[in-house]
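Have your selection tool ready.

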Amino acid sequence: MLGLGLLLGIGCQQATPAAPTQVAAATKLAAASAPVATFAPATAATAIAKAPSTPAPAKPTKSPYKLGLLVALTGPQASGGSREKDPTLFAVDEINAAGGIDGHPLEVIVEDNQTSAQVGVTRLNKLISEDKVAAVIGDVGSAAMAYSPILAKSGVPFMFNGATLSVTEHGNKWMFRDIPSDRYVVIQILRYMTQELGVNRIALLLETSAYGEGAGQMFEEYSKRGGLGVEIVAQEKFQINDVDLTPQVTKLKSANPQAIVVWSASSAGAIGVRNARNVGLDVPIFAAVGMIQPGVIDAAGPAAEKLIAGAYGIVPGEDVEQVKSATATLKRFVKNFSAKYPGREISFWELMSYDGLRIIADGLRRAGSDDRAKLRDAIEQTQSFEGTLGVHSFSIANHDGVKEDAIVLMQFNGGKWERLWPK
Amino acid sequence: MDTSNLLQFLLAGLTTGSVYALIALGFTVILNSTDVINVAQGEMVMLGGVFAVTFVKLLGLPAGVAILAAVLLVALLGAVMHTTVIAPVRHAPPMTFVMITLAVSVILSSSAALIWGSDPMHIPSLVGDQPYVLFGAALAPQILWILGVAATTMVGLHVFYNRTRVGQAMLACNIDRDMAALVGIDVRRMVLSSFMLGAAMAGLAGALVTPLTSVSVYVGLTYTLKGFAAAVFGGLGKSQGAVVGGLGLGLLEAFGSGLLSTGYRDFISLSVILLVLLVRPSGLLGSRLES
């Protein structure tokens with residue numbers, strides 16, 4: 001009985017729309033601190049004349065603009081999904097405290113996709129037809145391709161918090177992305193390998209998911225081109241809940257590569273790194289951004305030393321004031337978010353979630369309504385919008401907000417990530 | 001493919017295999033004493049790992065002590081589970097127990113997610129990370145530990161059942177509860193002890209494997225499936241079957257992915273198991289349920 005209650009309790013917690021607490025939190029924030037309005041100018045810079053110009057932000061009184069947040073709060077990817085919720089709602093609070101969007105408060109309805117494309121599809125349909133949201137923000141897992149036809153048919157803009165290649169590269173004009181595509185991470189890794197290390201024989205160890213396999217296709221594409229051309233001498237796969245990759249790394253070792261690349265967002269990837277070192281693969285190991293997530297790298301143990309991984313923005317533990325490439329928005333976000341959530345690690349999950357919501361809010365402001373088609377056009381016209389990950393620009397041909405200049409390679413030295421390249 | 005690679009696959013297969021074998025043994029011990037297929041067995045593996053991490057990180061216990069404490073705590077949890085949801089309905093049909101233990105499994109993993117969050121957790125190896133090299137194959141020290149502890153546990157269980165009074169009493173309860181009660185064995189206590197023993201073995205598997213693989217609150221189901229597959233493969237209800245099935249599944253996975261394709265590992269191992277079961281429906285060593 002108690003167990004059943006617990007189950008129901010958990011269910012309710014996930015299903016409850018965040019709206020009521022949201023509005024309450026927003027009012028509290030507005031009452032407590034007037035200077036919050038200082039964040040507005042950056043947003044207003046790209047906004048057309050309609051931006052509110054009242055000196056003291058009024059409490060938004062018009063009907064709310066509804067948005068959906070569709071992330072993995074349970075299941076294997078919950079580690080990332082639960083990091084997306086708070087920063088998204090944090091951005092909403094900021095915007096509502098500053099008067100909302102032309103007097104319309106933002107309201108976000110949170111849904112859990114349970115790390116499953118099937119569940120994600122039903123939740124997405126619910127957000128679109130029942131909640132009638134103007135746009136949805138969310139993570140990918142491997143669900144982007146399942147969402148794609150629904151988004152196109154219903155005409156709903158979706159801002160993806162996910163680097164999986166295919167999201168913006170299969171011609172769906174409703175799908176946008178707020179972090180650099182894996183394409184750019186792959187390019188930066190290959191540049192570093194060839195220009196700095198002189199490596200030209202590499203082996204790939206890929207997670208069997210859209211994330212891992214998409215990156216594999218990228219490496220194959222660039223391996224045949226001049227300039228970045230490297231030869232892929234071996235390629236092995238693993239599943240996200242695998243506990244031992246010794247057979248895979250043994251096969252990679254036989255191919256005698258000069259460097260290996262592990263593409264994974266799960267601790268199985270870290271296990272692969274450990275196994276690779278154990279079987280005596282002593283070449284440089286490169287990893288996907290997913291490997292920088294808290295907890296993931298731990299499974300590699302001491303084998304994580306010298307691992308090189310792609311990263312965006314800042315990594316946990318880094319002092320943002322010391323980061324030359326940090327935008328003013330990033331510095332402000334780190335300061336304010338840390339004040340609200342003391343001790344919380346800030347990684348790319350927080351940054352992309354914050355940027356994604358703000359890009360949509362900026363679109364709503366310029367569209368002048370929550371009409372889905374107008375909002376889509378407005379997002380597509382976004383130019384030089386400063387976020388935390390970099391400066392976002394979109395166009396008809398380009399639905400990726402930021403590109404390779406938002407990527408930095410980090411190296412794991414003495415138990416922490418340090419900037420490696422570009423300097 | 002040179003011999004050092006084959007040796008490497010063999011070591012990898014034996015390591016995962018002995019973890020599967022421990023889980024399968026836990027299944028078997030519980031099945032024999034209660035006629036329950038405990039679907040929550042994988043969650044016991046997860047909790048063994050999570051408890052061990054908590055004891056090391058939060059209480060600063062040495063890894064060996066932490067593992068022992070984790071195993072005891074999981075055994076205790078097994079006792080609670082048996083007393084609250086298994087014993088009160090002990091005459092229910094088998095499918096009811098599948099449903100009950102499935103519910104327990106979901107409750108355990110959801111509660112664990114609430115308490116520990118969803119990030120993977122990890123503890124350092126008991127015995128260092130520098131691998132030994134054996135005929136060109138690398139051997140992580142923790143693997144020796146897993147193999148050693150698993151082998152000791154399996155032999156210990158055998159000795160326990162065949163050489164001690166308590167073990168014999170448990171065995172008697174497995175064979176015929178009413179007769180056991182007639183000769184003066186405290187059946188209820190024996191069944192409870194068996195359930196705790198089964199849970200403890202799963203907890204041990206989890207605690208042992210965590211330094212190698214790290215643990216997250218979502219790994220339970222995978223371990224349930226692997227342990228169950230191993231138990232059926234070897235012969236459901238037989239201790240030796242659980243060991244053979246576990247090692248067999250581990251080796252199939254390692255050689256399947258090593259020699260054929262890593263992307264189709266589960267496809268390969270489960271196809272082989274399916275073929276074996278088509279020829280021998282009661283598993284490699286024959287099922288207890290057969291007779």
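Start with chain B and chain A of this predicted model: between them, seven residue pairs are in polar contact, with both residues at pLDDT 80 or more. On the chain B side, select α1 (3-34), α4 (94-116), α8 (187-213), α9 (220-234), α10 (239-260) and α11 (265-279); each supplies at least two of the residues that touch chain A. Colour that side by class and you will see 15 nonpolar, 14 polar and four charged residues.

Next, pick A:Asp242 and B:Arg265, whose side chains form a salt bridge at 2.8 Å, N to O. The count of salt bridges between chain B and chain A is one.

Now show the whole contact: 33 residues come from chain B and 38 residues from chain A. Highlight B:Pro120, B:Tyr218 and B:Thr262, which supply 18% of the area that chain B buries against chain A, more than any other three residues. The two chains bury about 2900 Å² between them, 56% of it on carbon and sulfur atoms.

Then turn to the rings; there are 21 aromatic pairs over all chains. Select A:Tyr147 and A:Phe160: their centres are 6.4 Å apart and their planes at 25°, so this pair is stacked. A:Tyr147 sits in helix α6 (residues 144-154) of chain A and A:Phe160 in strand β4 (residues 158-160). A:Phe160 is buried, at 0% relative accessible area.

Move on to A:Tyr211 and A:Trp263, with centres 6.3 Å apart and planes at 50°, so the pair is tilted. These two lie 52 residues apart.

Finish at A:Phe90, A:Phe333, A:Phe337, A:Tyr341 and A:Tyr354, a cluster linked by ring pairs.

Notes
Residues are numbered from 1 along each chain as its sequence is written. Chains are lettered from A and ligands numbered from 1 in the order in which they are written. This is a predicted model: local features need pLDDT of at least 70, side-chain atom pairs count only at pLDDT 80 or more; totals for chains, interfaces and linings use all residues. Side-chain values use heavy atoms; hydrogens and water are left out. Contact means heavy atoms within 4.5 Å. Buried area is the accessible area (1.4 Å probe) that two parts lose on being put together, summed over both. A salt bridge is a side-chain nitrogen of Lys or Arg within 4 Å of a carboxyl oxygen of Asp or Glu. A polar contact is a pair of N or O atoms within 3.5 Å; within protein, one must be able to donate a hydrogen and the other to accept it, and residues adjacent in sequence count only if both atoms are side-chain atoms. Helices (H or I, at least four residues) and strands (E, at least two) are DSSP runs, numbered from the N terminus. Ala, Val, Leu, Ile, Met, Phe, Trp, Tyr, Cys and Pro count as nonpolar, Asp, Glu, Lys and Arg as charged, and the others, Gly among them, as polar. Rings of Phe, Tyr and Trp (its six-membered ring) pair if their centres lie within 6.5 Å; planes under 30 degrees apart count as stacked, over 60 as edge-to-face and the rest as tilted. Buried means under 20% relative accessible area, exposed over 50%, partly exposed in between (1.4 Å probe, protein chains only).
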